[in-house]
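Open the model in a viewer, with the sequence panel alongside.

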Amino acid sequence: MLRLLRTNALRLAAVYFALFAVSVLALLGFVYFSFAGFVERQTEAIIRAEIRGLADQYEQGGLGGLIDTIHARVSGQQVRATLYLVTDERLEPLAGNLTGWPRAESLRPGWIKFPVEARDGRTSETDTALASVFVLSGGYRLLVGRDLSDAEAFRARMNQTLVWAGWLTFALGITGAVVMTRNMLRRVDTLNRTSERIIRGELSQRVPLNGSGDEFDQLAANFNAMLDRIEQLLTGMRHVTDNIAHDLRTPLARMRARMEVALLERPTATRYVKTLRDTIHDADHLLATFNALLSIATVEAGARRDPLVAIDLAKIARSMAELYEPVAEEKGLTLTVSSDAAVSVRGNLHLLSQAIANLLDNAIKYTPSGGVTLSVRRDRAAARLEVADSGPGIPPDQREAVFNRFVRLEASRSMPGNGLGLSLVRAVAKLHSGDVWLEDNNPGLKAVLSLPASDERALAREAAMPERPVAKARRLSG
Ligand SMILES: Nc1ncnc2c1ncn2[C@@H]1O[C@H](COP(=O)(O)OP(=O)(O)OP(=O)(O)O)[C@@H](O)[C@H]1O
Ligand SMILES: [Mg+2]
């Protein structure tokens, strides 16, 4: 209950209730004032009309005519609703249904209010009557009045109704406010409870949706989507850490074993030198793995220290092919390059070179004989770089898996490498808003790197620019 008092929802509900109550009360007040006076005004109008009629009667038929008319009126009444009295100047009754001149309190000129015995005549109670007095020529007085018990009953009834309406408004308003607040709190509570459980470590918890698609449902859905994403990232991270641990343990264990053996065996300078050389080689491998992991992480985090500039992808491809030409040749493979004149992309020169190098390295490494082709084409809005080989290829169901860190296929375990090359290529592709995937080359494998192509003119502009201002601009922006 205390918590309920502190909530925003309750404040909202209170405002809602206040507005609700004010409008209902204003409405009731309006109804009261327009109806309460209405019945009395109606009564006065009837009395006035009656007096006017009777006065006319007196003018035309004289006193006798007036008395006859009043007799007729009185005897025609089933219930005594209208009161009549005609008196002479000494207030002696001549006709009517009142026994004598009433002891009245006068209201305004011509109007009086006085008690009369109750209409049904059985109880000793009295009703109140409202009457108007008219002095006829000749000193006769005419009194016409009406029993106000109907009007009063109406007013009392209305007062009662209004009081009840007030209470009802109050009750409905309070109930509405409480229900509204409770309902809102319950939804927020579900969210809070779930987050608390997640904080306590139950990462698989999700907020239930009620299917209404309202704002709370949307919030819950977004919350769940966020949790899914976090879980996915955590799982990925755990995978990577497991793999790192696993992959680094082997070379470390090997290093240790080698040094231990060197200590146990007969100490000779040549043996020590060899052991040290091998150890350095292993350490280099470890460092290379760390560096590769770090660059993937940096690229994936999107931390581009260098701004993306207009680059000719065909040109980089040609120079990377030149670099790998001797390696291919040594293995007896042919390396062919085919490209459009210039294919412009916006990118990071260093990272793109690294990605192409990784693809070429794989193609040459895993192809026992035959050839490797590197081609760069502009395909509508995309720059498409393909590295195709005639090697064993990769089965379709594994073509996505090899992009994960440390994944190496069984067939290539004998080759050097640690399964990070393609991960970096993918990270670089994503950084450039592009993608990389593997296709069948029948036979062999074809790796396709697709990047958004940029305007050729940008390339020309950038190439035309003198070197120094660019360097300067970079320094300024960095
Ligand atoms: N051209 C290819 N032909 C056949 N298999 C390939 C080819 N390219 C990659 N693979 C397979 O995909 C795996 C992952 O490749 P990736 O480049 O990520 O790692 P790696 O080459 O094993 O090591 P690294 O590139 O880190 O030195 C390889 O181990 C190999 O099994
Ligand atoms: Mg590789």
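Select residues 111–117 and 126–135. These are strand 4 and strand 5 of a predicted model, and they pair in the antiparallel sense over seven bridges.

Six strands make up an open sheet, with antiparallel pairing and the order 2-1-6-5-4-3. Go to its edges by selecting 93–96 (strand 2) and 105–108 (strand 3). Each of these has a single partner strand, so one side of each is left without a neighbour in the sheet. Looking along the sheet, neighbouring strands are turned against each other by 30° on average, direction ignored.

Which helix lies across strand 1, strand 2, strand 5 and strand 6? Select residues 8–76, which form helix 2.

In soluble globular proteins, nonpolar side chains tend to be buried together. The largest nonpolar core here has 45 residues, and Leu313, Ala317 and Val428 have the most contacts inside it.

- the helices: helix 5 (269–300), helix 6 (313–330), helix 7 (349–366) and helix 8 (421–431)
- the strands: strand 10 (371–379), strand 11 (382–389) and strand 13 (445–452)

Helix 7 gives the most, with eight residues. Colour domain 2 (215–300) and domain 3 (309–477) separately: both give residues to this core, so it lies between them.

Centre the view on Ala317. Leaving aside neighbours within four places in sequence, Ala317 is in contact with Val337, Ser339, Ile356, Leu374, Val376 and Leu385.

A second, separate core has 17 residues. Select Tyr84, Val86, Ala131 and Leu148, which are among them.

Finally, zoom out to the whole chain. It contains ten helices and 13 strands. Along the principal axes, the C-alpha atoms fill a box of roughly 155 × 60 × 50 Å. The radius of gyration is 52 Å, whereas a compact globule of 478 residues would have one near 23 Å. Buried residues make up 20% of the 478 residues. Of the contacts between residues at least 6 apart in sequence, 62% join residues at least 24 apart.

Terms used:
Residues numbered from 1 in each chain as written. Chains lettered and ligands numbered in written order. Predicted model: local features only at pLDDT ≥ 70, side-chain atom pairs only at ≥ 80, totals over all residues. Core = buried A, V, L, I, M, F, W, Y, C linked by C-beta atoms within 7 Å. Buried ≥ 20, exposed ≤ 12 C-beta atoms within 10 Å, placed from the backbone. Helix = DSSP H or I, 4+ residues; strand = E, 2+ residues; numbered from the N terminus. Domains from an automatic or database assignment. Contact = placed C-beta atoms within 7 Å. Pairing = 2+ DSSP bridges. Axes fitted to C-alpha atoms, helices over the stretch in contact; angles between N-to-C directions. Rg over C-alpha atoms; globule rule 2.2 N^0.38 Å.
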